[in-house]
Amino acid sequence: MISSWNGILVFACSIFLLRLSVTASSSILVSHIRHAAYSCSDHPSLKESIGEIRAGATFPKRKRRGQRSGSQTTSSEIVTPMRVVQFSSFITILSTTLVAFAPATALVPKIGSVEKVTSLLSSLTAGAAVLEILFSPFVGTLLDSHGRKPVFLAVLVSIALSQVSVVFSEESVWSLCVCKVFALLGVGLFFQTIGQTLLSDLTADSKHPEQQLGSALGMQAALISAGFLVGALCAGQLLSRFGLSLSHGIAAALMTMNLLLVTFAMPETLQLPSEQSHFQNRPKRSIMSSLLGCTRILTKHSQPIPILAIVFVLQCLPSFMGDFFQIYCQTEWGLDTKAFSSFVAVFGVLGLTANILGSILVNKLGIQRYTSLTSFLIILPSIGASVFGFRGLWVGYVLGFLGLAQNLGVMAAMVSEGKKQGIPIGELAGERASLIALVKVIGPILYSALYVHGKRIWNIASLPFIFNSILGVLVFCICRAYVTQ
């Protein structure tokens, strides 16, 4: 009986998500078409009007050709591209999460050994991170030279094709591995490089671009958390009831809808001709030259970009503890799988709330005050875990949940400083993403070593949390000194 009700609940959620997706995409498309029709009827030259639609939808604060003095930009010109980017973020993470947990279940009977599957999945994750280090700076240069939209579409197409390959290859091992790598790589490139570049473009002409960008990044992070929660809740039921192929088919259908939405409703946001002409004066980069992109942001730019990049790394490092945290919860605190899953779910809700609230507070408090506050709050969970164990961790996250959105201000400040120094937005985003991909590789190794050696040498199992507390204090001090309003 309970199983039947679970099926009904999953079916109802699927119908709700489908209706939400269709309604949102239809609303965006209708708004875009209405705006185009209005512009074409208001100007005699169709060619000029189409150019004005692009300029108006992308950079609404600038005066368009033929625009009468004193005329105001309509809200649809500002809202439509932002809605497309944010809605696409939600659908992308939802689609990939629906099948993210499938390989671990499906590969065991095909390979026959849990140890081999674990080793294979770890190798795929590490390989995807290395590819992200390699490709992120190169993708950043493509965003500045060929435009944002073509690169955006290429990433979405690659994820969709990898999901479709599982359906038509009879759930083979190679297709599952390819799908996982493309999902990890595509999501990393989208959210760390492409998405942040698009949001930077769309907030560039606002009155306070740093704060508006921080607010937009907070809303995107909230939608990512929501998409992950919904996808994680539905993934198990879809896999158990409908099988591996149909689950990937549903994910591919969502990604295809996402692709169509971006194709027809998303304008090109690259500022022409100034930004492209500036990019053409910079040396071209190949994929191989992008291999050192993870360190270029620390060595090739003027201050305060290197110090902001270091702060960003220190903020992100605790997020990449890897499997250590789950092992620690099981061995030191006695949490079973169900209790750990419940903690992860509540942690996701706290992250969602933090990003929604952070997108508002970063405008109210300013970059420096917001970053200093959140850098202090994120210390509380680590101190609680070090002193009081799991309950202390809970209390720390409840009291300092806003710290989960601490990097919004630093990312916005980094983009702002990059514009002041004349660095193309895509190039800077690619270098930052490459650096974070390097942290994804180093983080799990570092925290595992801290746990093992801390327990063996000093008999301090909580050494990783003490390390996080020190990181938090260091970030707070640097932010007070180097992050401006």
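**Exercise 1.** Find where Asn459 sits, then decide whether it is buried or exposed.

*Solution.* Start with the location: in this predicted model, Asn459 belongs to the loop between α18 (425-457) and α19. Next, check the accessibility. Asn459 has a relative accessible area of 66%, and exposed means over 50%, so Asn459 is exposed. Finally, look at the backbone: the phi of Asn459 is near 60 degrees, a positive value in a residue other than glycine.

**Exercise 2.** Decide whether Gln163 is buried or exposed, and list what it touches.

*Solution.* First find Gln163 in helix α6, which spans residues 148-168. Its relative accessible area is 1%. Buried means under 20%, so Gln163 is buried. Then go through the contacts, leaving out residues up to four places away in sequence: Gln163 touches Ser95, Thr96, Val99, Cys179, His248, Ala251, Ala252 and Met255.

**Exercise 3.** Is the peptide bond from Gln303 to Pro304 cis or trans?

*Solution.* Go to the loop between α10 (293-299) and α11 (305-316), where you'll find Pro304. Then check omega for the bond from Gln303 to Pro304: the angle is near 10 degrees, and the bond is cis.

Terms used
Residues are numbered from 1 along each chain as its sequence is written. This is a predicted model: local features need pLDDT of at least 70, side-chain atom pairs count only at pLDDT 80 or more; totals for chains, interfaces and linings use all residues. Side-chain values use heavy atoms; hydrogens and water are left out. Helices (H or I, at least four residues) and strands (E, at least two) are DSSP runs, numbered from the N terminus. Buried means under 20% relative accessible area, exposed over 50%, partly exposed in between (1.4 Å probe, protein chains only). Contact means heavy atoms within 4.5 Å.
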